[in-house]
Amino acid sequence: MNSDLRSRYLELVRRDVTRYGIDDLVPVEFLVFGRNVLKARNLTLVRRRPFDSRKRDLGEDCAVDAETMIGMQRLTSLQRCVESVLADGVPGDLVECGVWRGGASILMRAVLAAYDDKTRCVWLADSFAGCPRPDTANYRADAELRFDRFAGMAVSESQVRANFERYGLLDDQVRFLPGWFKDTLPGAPIDRIALLRLDGDLYESTIQALDALYPRLSPGGFCIIDDYQTIAACRQAVTGPVGD
Amino acid sequence: MTTAEHDVRSLYLDLLRRNLTRFGMHEQMPSDWPLRRRLLLKTVNALTSVRRGTSPADQRTRELGLDWPPEAETMIGMQRLTSLQNCVETVLAEDIPGDLVETGVWRGGACILMRAVLAAHGDTARSVWLADSFQGVPRSDAVNYKADKGIRADLAAGILGVSEAEVRANFERYGLLDERVRFLPGWFKDTLHNAPIDRIAVLRLDGDLYESTIQALDALYPRLSSGGFCIVDDYLAVKACQQAVTDYRAKHGISALIVDIDGTGVLWRK
């Protein structure tokens, strides 16, 4: 009964952070001389995008206001990882590097709450200003990746806090590490890590997070790479230099 | 009951209440609504906020359930939902026999919460009954029920009338639709008297009119177990509804204390 209730709660969280099963209303830009005329006076022109379960399962689309874009399957896997860490008593905190609106971290915090864990923290490492401009001098693999141009990638810390708040999950077990990874991660006050989730997209972000945090990952802990199969630079950071 | 179990339960039910009221969220008018319905919704909310002296953007509006939300599954607000949850939990804790009934369900939010409380407490015996016309409030019958004269809630059928299929879909979306969610579609005067409900533990009246309230009380109050809750959603907001309750209580000598929930809804225990 107890486990049934837990899965009910966590399923509800997963559906909420992905806006599962709900048609999406996508704002349509309508620019006149560079000004979005339809945004005046709180008016927005929107287009209805019907909910597509296949895409939302795989994280190939994302609702306009959803707290995560990683999709149902990766969320479910994340939940299983945290649950198995708790069940096996793998010591350490849960860390996400690159959190966007915080959805995946909200789910991790919810799993801790559902299992009444009061000892572990969820750490959110992010610039809270989007992806950095690629540093091609040091990381050639990132040359083409201009994620810094997408304004939508930048979500402020206060916005992420508000998202946690809305789920009633903001407390001192949620810790923030605001700043670029190269500045914040090496000196981060995290002793041990049970789950390390990397979602920094770039070679640079991925390798910096691995360098700084992987040594602190407990044996039996999980290392999750969000973009391994979609971004070659990220994969290369994980696999290591090939003929370089 | 262990502490952990208690915590998951309140986590789940708390998140569900936030969902059902879209608490603190931006809502958008459904894009397939015709212009008339949108204007009606805006007008109703504007008038309510003027009458109540609240701002429509205010968090307290949803806390107290003072507006008609475009998307949320319930309009009764956080406080009445929490009170409803407490009622169902009390009934379960004290073993008051009977089912949970709502007459006038709109999009089904309050019933979804009741079903979720049963699920959260592992109850496998009780049913949740949804009595509704599923086509809005009836045109007031001023000949038989003088108190309803002038109430034209039937004009809002576009918003207040929600089909049974839509309510079922709402239950489905929360994974709570099963054979213990029972529907009584039709006007109260036709459906309630012979409703196949033996005993009731929580009776929630949300029919707005004198007629709907008195018909539900006449048909169902006798089946309410002693110790059960009778909740009247519009007691302090709709005069005619209050009149129906006062008349019924006077006629049957009910003197149980009426408790104000949030300035709109009230309840008493039988």
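I started with a working rule: a residue is buried if 20 or more other C-beta atoms lie within 10 Å of its own, and exposed if 12 or fewer do. The model I am reading is a predicted one.

**Entry: Ala256(B)**

Ala256(B) has 11 C-beta neighbours inside 10 Å, so it counts as exposed. I found Ala256(B) in the loop between helix H10 (239-251) and strand S6 (259-260) of chain B. Leaving out residues up to four places away in sequence, I see Ala256(B) touching Trp268(B), Arg269(B) and Lys270(B). I also looked up Met25(B), which is 231 residues from Ala256(B) along the chain; the two C-alpha atoms are separated by 38 Å.

**Entry: Arg80(A)**

Next I used the rule on chain A. Arg80(A) sits in helix H3 of chain A. I count Arg80(A) as exposed because it has 12 C-beta neighbours inside 10 Å. From Arg80(A) to Asp57(A) is 23 residues along the chain, and their C-alpha atoms are separated by 16 Å.

**Entry: H3 and H4 of chain A**

I stayed with H3(A) and looked at its neighbour. Two packed helices are described by the angle between their axes and the distance between the axes. Here helix H3 (residues 71-88) and helix H4 (residues 103-114) of chain A pack at about 35 degrees, and their axes are 10 Å apart. I noted a right-handed crossing where H3(A) passes H4(A).

Which residues of H3(A) meet H4(A)? On the H3(A) side I listed Leu75(A), Leu78(A), Gln79(A), Val82(A) and Glu83(A). Their partners in H4(A) are Ala104(A), Leu107(A), Met108(A) and Val111(A). Sorted by class, this contact has seven nonpolar residues, one polar and one charged.

**Entry: H5 of chain A**

I then turned to helix H5 (residues 157-166) of chain A, where Val160(A), Asn163(A) and Phe164(A) are buried. Why do I put these residues on the same side of H5(A)? They cover an arc of only 100 degrees around the axis, which places them on the same side of the helix. An α-helix has 3.6 residues a turn, so residues three or four places apart point the same way.

The buried residues of H5(A) pack against H4, strand S6 (122-126) and strand S7 (174-178) of chain A. On the face turned away from that buried side I found the exposed residues Ser158(A) and Glu165(A). After H5(A) comes Gly168(A), with a positive phi near 65 degrees.

**Entry: H7 of chain A**

How many of the eleven residues of helix H7 (residues 203-213) of chain A are buried? I get nine, so H7(A) is largely enclosed by the rest of the structure. My list of buried residues is Tyr203(A), Glu204(A), Ser205(A), Thr206(A), Ile207(A), Gln208(A), Ala209(A), Leu210(A) and Leu213(A). Their cover includes strand S5 (93-97), helix H6 (181-184), strand S8 (193-198), strand S9 (217-225) and helix H8 (232-239) of chain A.

**Entry: domains of chain A**

I looked up the domain division of chain A: domain 1 is 2-58 and domain 2 is 71-239. Their C-alpha centres lie 23 Å apart. Domain 1 of chain A puts eleven residues into the contact, and domain 2 of chain A puts in 13. Helix H1 (2-18) and helix H2 (53-58) of chain A each supply at least two residues of the domain 1 side. H1(A) gives the most to that side, with seven residues. By class, the domain 1 side has six nonpolar residues, one polar and four charged.

**Entry: domains of chain B**

For chain B the assignment gives domain 1 (3-64) and domain 2 (77-269). Their centres, taken over C-alpha atoms, are 20 Å apart. The contact draws 14 residues from domain 1 of chain B and 18 from domain 2 of chain B. On the domain 1 side, H1, helix H2 (35-52) and helix H3 (59-64) of chain B give two or more residues. The largest share of that side, seven residues, comes from H1(B).

**Entry: where the chains meet**

Last, I checked the chain contact: 21 residues of chain B touch 21 residues of chain A. Helix H1 (3-21) and helix H5 (109-120) of chain B are the elements giving two or more residues to chain B's side. I sorted chain B's side into eight nonpolar, eight polar and five charged residues.

Conventions:
Residues numbered from 1 in each chain as written. Chains lettered and ligands numbered in written order. Predicted model: local features only at pLDDT ≥ 70, side-chain atom pairs only at ≥ 80, totals over all residues. Contact = placed C-beta atoms within 7 Å. Helix = DSSP H or I, 4+ residues; strand = E, 2+ residues; numbered from the N terminus. Nonpolar A, V, L, I, M, F, W, Y, C, P; charged D, E, K, R; others polar. Axes fitted to C-alpha atoms, helices over the stretch in contact; angles between N-to-C directions. Left-handed = near helix turned anticlockwise from the far one by under 90°. Domains from an automatic or database assignment. Arc of directions from axis to C-beta.
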